Amino acid sequence: MTYLKKAALMLALLGAAACTNGDRFGNNGEGGAGGPGGANGGIESGTLDPATPQYFNQTVGNTINFAVDQSTLSPSAQSVLDGQAAWLMANTTYIAVIEGHADEQGTREYNLALGARRAAAVRDYLVSKGVAGSRMRTLTYGKERPLASCSTEECYAQNRRSVTIISAAGVS
Amino acid sequence: MRFILSLIMTLFLFIPVASAAEPLKLRLDNPLVEPMPFATPDFQPETAAANEYAVRIARVVASDLTGTGLFREIPPQAYISNVSSFASPVQYSDWRAVNAQALITGAVSVDAGGRLVVKFRLFDIFSGAEMGDGLQFAGSTDAWRRMAHKVSDAVYQRITGESGYFDSRVVFVSETGPKENRAKRLAIMDYDGANIQYLTDSSSIVLAPRFSPTGDRVLYTGYETGFPRIYLLDVSNVGRRALAMPEGTMSFAPRFAPDGRTVVFSLTTGGNTDIYRMDLNSGSLSRLTNSPAIETAPSFSPDGSQIVFESDRSGTQQLYIMSANGGEPQRISFEDGRYGTPVWSPRGDLIAFTKQAGGRFHIGVMNVDGSRERLLTSNFLDEGPTWSPNGRVIMFTRETQGVNGAPSLYSVDISGRNLRSIRTDNAASDPSWGPLQP
């Protein structure tokens, strides 16, 4: 753990140094992601501290999706939630707000209730995997905060989601 | 040429119509009614300070009446005689010649105290008689539009036999910014979109405001705490308070009872949404539905004895009616599709609703027993009907699709005719139409 934190810090410093050469890496076209700065693509997943909310968001995955007008958890959603449960049990100083969202194909009030149902389905699943219910709170946004703003099924599918928002306990 | 034509029309129209005329009457239940032609010459300014109001007030009256789709204005260029004084006799033959059936004349003055005084008279041209007595309204000059609306309400009432809806306001949500992060504020405006004022800032999401029966207070759902809960706002001073709810719950979809003291709404605990009522004075809470289904969007009958709401207890969203104290509800919607946001009409005769069917949204009305369903609109996304104070017109939200899609307000007659857009500065949603003002 300590090693990982040090490594992360060093790489962060390297990143900052690279930024001072912004022209070279950003603008001359030759540099880019794979240029002399090296291995940018590998940095994120390889060096994130697993105990951070960033790791939770990017590697565990904070979002799952739902079928039209449904709050049931698909097998792939369950496997993401298994990871969320494991992370929450390993990092007991964090609490979670679970947001439920709906796509725009529904009335405002119904979508608020549907978002609440989705958030509760996630919460109940996490409780079933051992996460204390007292560490979680559910929140519905209905159709008020879409992730994607187009009006096609491709976007709707992204908007029918729950997002698990992690924060340090005592800080809300 | 124009003179000769006018003369001929006068001769032609004068004799048969004058003898056969019946008192001016527009029947709102007749679906084939033709718009009634009327004339509203500029009102007469009786003091110099009243000049600008005299013209503007006549224009607002004309706009109110034509906006109903029930009246058609005779363009002032067609007038033969002009009204030179409020008291002078009306030349009925001149107005018959341009086919005006109703003539509205008025006078405006500013009195010594700075108050605006508006008088008007209504004439039934074909009967050759004045309809009702002249009326006078007085108020501050700022309220000139309200006085114009009061003239329109009186004219509408005398001709149709039903109360009007012009001197009324609408509370709604004003929207700015991108679809993924819309900024929303509560706003209030005249029924026709004039005089917009903001009631909240845009620091947190606000949804679905609902007027109290007297229009002095507004219930809405707000995210000030980060979680949706119901607020009560005083329109006169924009003071607000959150209604006390059980810890860890979310609450939304509030609506006043006709007594103005009781609120019915949705409360979510553990992911399950049911309908509750609260007494505003005591804060006492009672649960009206108890099922694992989504039950929301409750609306009282005008006598306060029943509540219409939506539930997906059958598997899809449908409309139900129950006693105002809860108990076994009766399903009233049975056609194909999903039904939501039912609202009981102020006359008590109809339920307006949002329907999703065939990949489109509709605003519709049905009888209270579910019979005679009629869809009034069809669009990508129409939702959230609200009734005019006289139960003749429905206002609702229409949202356009796509990345730049945005909502705006529309109104439609319960006949399905006269679909109109209400112009607002920004995108607008969730209208709630208040009562006629005193």
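## Confidence in chain A

What pLDDT does chain A average, and what share of the residues score at least 70? Chain A averages 81, and 72% of its residues reach at least 70; pLDDT is the predictor's confidence in each residue, from 0 to 100. Residues 1-43 of chain A stay under 50, with 21 contacts beyond four places in sequence, a contact being heavy atoms within 4.5 Å. Where pLDDT is low, the predicted coordinates should not be read in detail.

## How to read this model

This is a predicted model, in which local features need pLDDT of at least 70, side-chain atom pairs count only at pLDDT 80 or more, and totals for chains, interfaces and linings use all residues. Residues are numbered from 1 along each chain as its sequence is written, chains are lettered from A and ligands numbered from 1 in the order written, and side-chain values use heavy atoms, without hydrogens and water.

## The largest cavity

Searching the whole structure gives four cavities of 30 Å³ or more. On a 1 Å grid over the protein atoms alone, a cavity is a set of points where a 1.4 Å probe fits but cannot get out, and lining residues have an atom within 4 Å of a point.

The largest cavity holds about 210 Å³. Of its 18 lining residues, A:Glu104, A:Lys143, A:Pro146, B:Lys179 and B:Glu399 lie nearest the centre.

## The second largest cavity

Here the space is about 80 Å³. The lining includes A:Glu109, B:Arg210 and B:Arg255. In chain B, β15 (250-256), β19 (295-300), β23 (338-344) and β27 (382-387) each supply at least two lining residues; strands are DSSP runs (E, at least two residues), numbered from the N terminus.

Terms used: On a 1 Å grid over the protein atoms alone, a cavity is a set of points where a 1.4 Å probe fits but cannot get out, and a pocket is an open set with protein on both sides within 12 Å along at least five of seven lines; lining residues have an atom within 4 Å of a point. Grid points are joined across faces, edges and corners, and a volume is the space filled by probe spheres set on the points. Helices (H or I, at least four residues) and strands (E, at least two) are DSSP runs, numbered from the N terminus.
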